[in-house]
Amino acid sequence: MIVLETNNLTKKFGGLTAVNAVSMTINQGDIVGLIGPNGAGKTTFINAISGLNPPTSGTVTMFGKETSGLTPEKMCRLGLSRTFQIPSPFPKMTAIESVMTATIFGNPPGKITDPVAHSREMLEFVEFPMKETVVAEQLNTVQLKRLDLARALASNPKLLFMDELASGLSEGELKDIMRIIDKISKKGISILMIEHIMQLIMAVCNRLLCIQFGTKIAEGPTQEVANDPKVTKAYLGE
Amino acid sequence: MEPTTNDLNMNLFDRVLDRLCLTPIGLAGLILLLILPFIPPFNQEYMLRWLIYCGFVAAMSVGFDLTAGYINIVNFGYMAVAGTGGYTSALLVINAGLSPWIAMLAGGVSSAILGLIIGMISLRLRGIFAACLSWFFGLAVMGLAIKMVWLTRGPLGLRTPRLFETESNFPFYFLIIILVYLTYLVCKWVVRSKMGLAFQAIAQNMEAARTSGIDPVFYRVFNFTMSCAIAGVLGGFYAHFYGILTPDMMHTSKTVEILAVAYIGGRGSLWGGAVVAFPFIFLMEIVRSTLSHLPGLNLVIYALVLILVMIYYPGGFSYFYDTHIRQPKNRALRYFLNGREAKV
Amino acid sequence: MSKNIVADLTAWVRTAAGLSMTIAVIVAIAATIHTGPYLLVNTIVTGGMLALVATGLTLMLGVLNIPMFAHGEYFMIGSLTAYYIFTPISEFILEHPDSWLVTFGPFIAILGALIGGAIAGAISEKLVFGPLRRRSTDNWVMNSFLLTVGLSVLLVNLHQLIFGADFKGIVGYWQGMPISIAGAYISLDRALAFIISAVIVALFYLFMTYTRTGMAIRAVSQDITGAEIVGIDIEKIVLLTISLACALAAVSGGSLLFMIPSYPSVGLEPLYMAWFVVILSGLGNILGAVVGAFMVALLKVITVEYVGAGWDFVVPSALIMLILIFKPSGIFGSDVRGVLDK
Ligand SMILES: Nc1ncnc2c1ncn2[C@@H]1O[C@H](COP(=O)(O)OP(=O)(O)O)[C@@H](O)[C@H]1O
Ligand SMILES: [Mg+2]
């Protein structure tokens, strides 16, 4: 089943075409890796889908419904959730409050009977290493990324975007993240993850999408794309 | 978000107190305010007049803080919004013969509509430009009040019937104390509900809030409208207490007064401004009346306090209270300051 | 070739900036024909003054991210300084009508205003903005805004406390016959006030564009860390920028003393007019601010002429609100971006 499909998605900032006619699909249960050099337009691409920065042209179809240009809050209710490259849950809130915010507002009213318990469950699920009453601004980036992930999961998404979740992690933490991604996938959530760490990508993704200068240069099964000479060239330069 | 109070081990007193958003010390303070006018020297009419003004500023600063402290937008035309309520109310009483009590509420409605408009059109603006927009709105409204002489008598001002037909200030004092408390209570209820969480979320991180399913338009506009409605009712009180209403009440400098008290009290606390207003404004009135040969001295002090607080203690009084006073070792004292701490 | 120019011109006229400037010019011409050239003179004098205040304001906002609410108070400081310098000079002139001070006295007063404003700005930086910056830059825009609110109240009331609340004005700077241009009589004071503001704005523009220091200021406004890396002394630049911005407002107050006497809250009107300009023209855009200043001045003069005195509170506010609603980035484009902007 197709979860998400983009068709010639384009995003321009003035004269700069950050995303150029990218078409791609995500199937139910996929863990798609979105790779490409820095500044390739990866973040812009998921911003365009999730509505934070609506596309200039092209269409997005999610769960069989056209969703191009819908606001992020509508996309959230439809089952799309995301984390941020610069993780920034609510700086002055405690961890549990941050997650609770998404629990309360990201789910249909009445669906979650005990938001506190649900939020706690999310924090446990992402193996949040600190006390739940810690204030977000006191966390380091790695901890913030976990918190942001818990926040993103709290709205019970069916599709999850993760923006460079693993950058800056140690070897041990990488193992933890792999396990958590695995758990998320087992919940039946399809994943699109922007990532640079090849080790992680090769381990968890079943498909890859590579973009460069905003244009798709490869899409397909992980091994195939990873060995594609165009992709290697994009990363290593000419 | 406040701790939820589904605790069964709380006794009735604590539970009622919690519903009323008071701590024991808060209750004591409220009682003190209610018996204050019987204690000399505060029982003199001129002192009561000052205290009523303190109460007005206190209540206004609570309403102001709902916007400034929770969605991080300074409503720089706040007194003009209050003035709109005041004028609406006064005109309804004078021209349509309405009772001042009902007119006061109508004033609230008119200010709410104004707030709705400002809230809607400031949506697309970043913090400081939203402040500017509300400021210009305030200037325009004040300009209208000055220029629509046929309706408002311009700078001459409107003579307005008072709420109570008595020379005494006593009933007004109790009314404003009730209004201060009601303003606080209503705002506190709102921010304690899930709405408060939404306010904070959109103020702290718009993108994360939106991707978490929060519609910023609704919450921002709601917040603005509510805070302006409060200002409108209070403006009605102002009009029907002083008995004269001039466009001067809408002046930017009056908004600055509210703003200063709200920030010195501590943004985002709601109670900070209300608590600080009484001693602070009262002292300022003493300075103003005793050192009347030095006009402006009270405002110099005012400004200095605001500047010092903004530089060295931007959290204001409520932050100071929360970090240094709130958690004493003594258990009884701690109960007194915090009430029964509900278990989450 | 000429077709191209025409096409470019029509394209420009159809942009927001071109459209509004074209309308402004047409309105100015029509009103001048209708009521007389004094309207244009008023617009130009007010516009020149406003350009000074508004460039200072954009500078503060664009370079330092300080939404200055106290900028009008430096206008007030300028007019106050000029008053206290020029009053003894004018007494001296009365006794010695042939002295060189007849011609140069006013310049001394205006120069004094400039220096006074610069010093006041530097003191404000040392005592107010510097301490805040060193303590914390969290939520800087809002905190510094509130700080300037406090500063404004402080300066207004210090003026009242020390110098009293009465109007401190002068009869005029330069005696002499009004100049006649195309049938309009312009007093020497007005003409020179405009020339002074034009010269200063031009100098300021050249300074910002061509000198090393000016470039450093612009570098800081674009990327503070980058500027630090290439070895720009941020503290110095900040100090310089603030004194410069305040001096611009003060010189405007000083040179307009003959029109607007000094009193405690004299700064409120220049302040909000300058804010109109900044919003109209966008941030950190000196040329835009100059053009915007004349447009706002025109709007004010026309409102006073056709709607009535006092309405200049209402009509320009309403128009600025419309602009904020439909084009939050200002007519000349900038980043007054909002929460919901694409
Ligand atoms: N809001 C924006 N305005 C203008 N240009 C932008 C904006 N966001 C991103 N860009 C530009 O778009 C390009 C792609 O950026 P981004 O999507 O962040 O890259 P990636 O995430 O692949 O590293 C970059 O050149 C960046 O400068
Ligand atoms: Mg990125």
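How many residues does the contact take from chain B, and how many from chain A? The contact takes 20 residues from chain B and 24 residues from chain A. Good morning. Please keep in mind throughout that what stands above is a predicted model.

Let me stay with this interface for a moment. The size of an interface is often given as the accessible area lost when the parts come together. Between chain B and chain A, the buried area is about 2000 Å², and carbon and sulfur atoms give 64% of that area. The interface of chain B and chain A has one salt bridge. Which side chains form this salt bridge? They are those of B:R210 and A:E73, with a distance of 3.1 Å from N to O. There are also five residue pairs in polar contact across the interface of chain B and chain A, with both residues at pLDDT 80 or more. On the side of chain B that touches chain A, the elements giving two or more residues are α9 (194–204), α10 and α11 of chain B. The largest share comes from α9(B), with six residues. By class, this side of chain B has 10 nonpolar, six polar and four charged residues.

I now turn to chain B and chain C. Here 47 residues of chain B are in contact with 50 residues of chain C. The area buried between these two chains is about 4500 Å², and carbon and sulfur atoms give 79% of it. Three residues, B:R124, B:F129 and B:F136, supply 16% of the area that chain B buries against chain C, more than any other three residues. How many salt bridges are counted between chain B and chain C? The count is zero. Three residue pairs, however, are in polar contact across the interface of chain B and chain C, both residues being at pLDDT 80 or more. Five elements of chain B give two or more residues to the side that touches chain C: α6 (127–147), α10 (206–211), α11 (216–242), α12 (252–265) and α14 (297–312). The largest share of that side, 13 residues, comes from α6(B). The side of chain B that touches chain C has 36 nonpolar, five polar and six charged residues.

Next, the second largest pocket, which holds about 1000 Å³ of space. It is lined by 35 residues, and the closest to its centre are B:D248, B:S253, B:K254, B:E257 and B:L299. Both chain B and chain C give elements with two or more residues to the lining, among them α12 and α14 of chain B and α4 (71–95) of chain C. The lining divides into 17 nonpolar, 11 polar and seven charged residues.

Let us return to salt bridges. Side chains of opposite charge can pair when their charged atoms come close. Over all chains, the structure holds 17 salt bridges. One of them joins the side chains of A:K92 and A:E137, at 3.4 Å from N to O. A:K92 lies in the loop between β6 (80–82) and α3 (95–106) of chain A, and A:E137 in the loop between α4 (115–125) and α5 (141–154), so this pair ties together parts that are 45 residues apart in sequence.

I close with two details of the backbone in chain B. The peptide bond from B:P40 to B:P41 is cis, with omega near 5°, and B:P41 lies in the loop between α2 (24–35) and α3 of chain B. B:N72, a residue other than glycine, has a positive phi, near 60°. B:N72 is found in the loop between α3 and α4 (78–96) of chain B. Thank you for your attention.

Terms used. Residues numbered from 1 in each chain as written. Chains lettered and ligands numbered in written order. Predicted model: local features only at pLDDT ≥ 70, side-chain atom pairs only at ≥ 80, totals over all residues. Heavy atoms only, no water. Contact = heavy atoms within 4.5 Å. Buried area = accessible area lost by both parts, 1.4 Å probe. Salt bridge = Lys/Arg side-chain N within 4 Å of Asp/Glu carboxyl O. Polar contact = N/O pair within 3.5 Å; in protein donor to acceptor, adjacent residues only side chain to side chain. Helix = DSSP H or I, 4+ residues; strand = E, 2+ residues; numbered from the N terminus. Nonpolar A, V, L, I, M, F, W, Y, C, P; charged D, E, K, R; others polar. 1 Å grid on protein atoms, 1.4 Å probe; cavity = no way out; pocket = protein on both sides within 12 Å on 5 of 7 lines; lining within 4 Å. Points joined across faces, edges and corners; volume = space filled by probe spheres on them.
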